[in-house]
Amino acid sequence: MTKKTTAKRNEIVLTIFDKLPDADFAQITIKDMCSAANISVGTFYHYFKDKSSFFLQIYSLLDEYLKEELAPILTDENEINNLVQFCIGYARYTSNDFGARILKVAFESLPSLSTENRERPFYSILLEILRKAQEKKQISQTLDINEITKTLVIILRGHSFDWAWHEGNYDLVESIECFITLFVKSLCFS
């Protein structure tokens, strides 16, 4: 997919969410979405296979942020610090860019999204941080980093979903920072 196509897909997603702030996306039709974005149904299907692929684009926006903005700043020699910063960056992005409503829509619309898609930056960046942490003996070498990564992905998504379910009534960044600090301690002493 070209950068121009990706940019247009992202623009459509953001426009629809901006124009339909109170929509129940489980009930909304593609025609409603097209009307909000001022595009034809044909244009929608040019960029999205179906409604599910529209919601997958939300995750692509997150992936883009993780690869292009967050990963380049994870340069601390202490991989534990990088792990904490990754989790905080994820929480900031989640709470600032989309908020509770977007997360609810995404989680409800994509129940079968795999936590183990290793190509996605959400998984691959975490895996790389943990691999480096083991190499540097900053976490236990007896732990399986694939399992740790899978667990962290599930936990971060679950934490974000809980925040969204409670309509953002607590500080997601602070909550994830507190949690990840405790979680990291368990990796060091296992």
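Predicted model: local features only at pLDDT ≥ 70, side-chain atom pairs only at ≥ 80, totals over all residues.
Visitor: Is Glu167 buried or exposed?
Guide: A residue counts as exposed when its relative accessible area is over 50%. Glu167 has a relative accessibility of 61%, so the class of Glu167 is exposed.

Visitor: What is the phi of Glu167?
Guide: Most residues other than glycine have a negative phi. Glu167 is a residue other than glycine with a positive value. Its phi is near 55°.

Visitor: Which loop holds Asn38, and what is the phi of that residue?
Guide: Asn38 lies between helix 2 (30-37) and helix 3 (41-47), in the loop that joins these ranges. The residue is not a glycine, yet its phi is positive. The loop is the one between helix 2 and helix 3, and the phi of Asn38 is near 55°.

Visitor: Is Asn38 buried or exposed?
Guide: The relative accessible area of Asn38 is 71%. The cut-off for this class is over 50%, so Asn38 is exposed.

Visitor: How many helices and strands does the chain have, and what pattern does it follow?
Guide: The secondary structure comprises 8 helices and 0 strands. Read along the sequence, the pattern is accordingly α-α-α-α-α-α-α-α.

Visitor: What share of the residues counts as buried?
Guide: A residue is buried when its relative accessible area is under 20%. The chain has 190 residues. The share of them that counts as buried is 45%.

Visitor: What share of the contacts between residues at least 6 apart in sequence joins residues at least 24 apart?
Guide: The count begins with contacts in the chain whose partners are at least 6 apart in sequence. Among these, the share joining residues at least 24 apart is 70%.

Visitor: How are helix 1 and helix 4 oriented to each other?
Guide: The axes of helix 1 and helix 4 (residues 51-70) come within 10 Å and cross at roughly 110°. Angles of 65 to 115 degrees count as roughly perpendicular. The orientation of helix 1 to helix 4 is therefore roughly perpendicular.

Visitor: Which residues of helix 4 make the contact with helix 1?
Guide: Helix 1 passes helix 4 in a left-handed crossing. From helix 1, the contact involves Thr6, Arg9, Asn10, Val13, Leu14, Ile16 and Phe17. From helix 4, the residues are Ser53, Phe54, Phe55, Gln57, Ile58, Leu61 and Glu64.

Visitor: Which residues does Asn10 touch, not counting residues up to four places away in sequence?
Guide: Asn10 lies in helix 1 (residues 3-19). With a relative accessibility of 8%, Asn10 counts as buried. Leaving out residues up to four places away in sequence, Asn10 touches Gln57, Leu61 and Glu64.

Visitor: How are helix 6 and helix 7 oriented to each other?
Guide: Helix 6 (residues 121-135) packs with helix 7 at an angle of about 135°, their axes being 9 Å apart. Helix 6 passes helix 7 in a right-handed crossing. Residues that meet include Leu126, Leu127 and Leu130 in helix 6 and Ile148, Leu152 and Leu156 in helix 7. By the angle, the two helices are therefore oblique.

Visitor: What separates the C-alpha atoms of Glu79 and Ala133?
Guide: Glu79 is found in helix 5 (residues 79-109), and at a relative accessible area of 4% Glu79 is buried. Not counting residues up to four places away in sequence, Glu79 touches Ile129, Lys132, Ala133, Lys136 and Gln138. Glu79 and Ala133 are 54 residues apart along the chain, and the separation of their C-alpha atoms is 5.1 Å.

Visitor: Is Lys132 buried, partly exposed or exposed?
Guide: Lys132 lies in helix 6 and is among the residues that Glu79 touches. Its relative accessibility is 31%, and values between 20% and 50% define the middle class. Lys132 is therefore partly exposed.

Visitor: How many disulfides does the count come to?
Guide: Cys34 is buried, with a relative accessible area of 2%, and Cys87 is buried at 0%. A disulfide requires a pair of cysteine sulfur atoms within 2.5 Å. By this rule, the number of disulfides is 0.

How values were computed: Residues numbered from 1 in each chain as written. Heavy atoms only, no water. Buried < 20%, exposed > 50% of the residue type's maximum accessible area, 1.4 Å probe, protein only. Helix = DSSP H or I, 4+ residues; strand = E, 2+ residues; numbered from the N terminus. Contact = heavy atoms within 4.5 Å. Axes fitted to C-alpha atoms, helices over the stretch in contact; angles between N-to-C directions. Parallel < 35°, antiparallel > 145°, perpendicular 65-115°, else oblique. Left-handed = near helix turned anticlockwise from the far one by under 90°.
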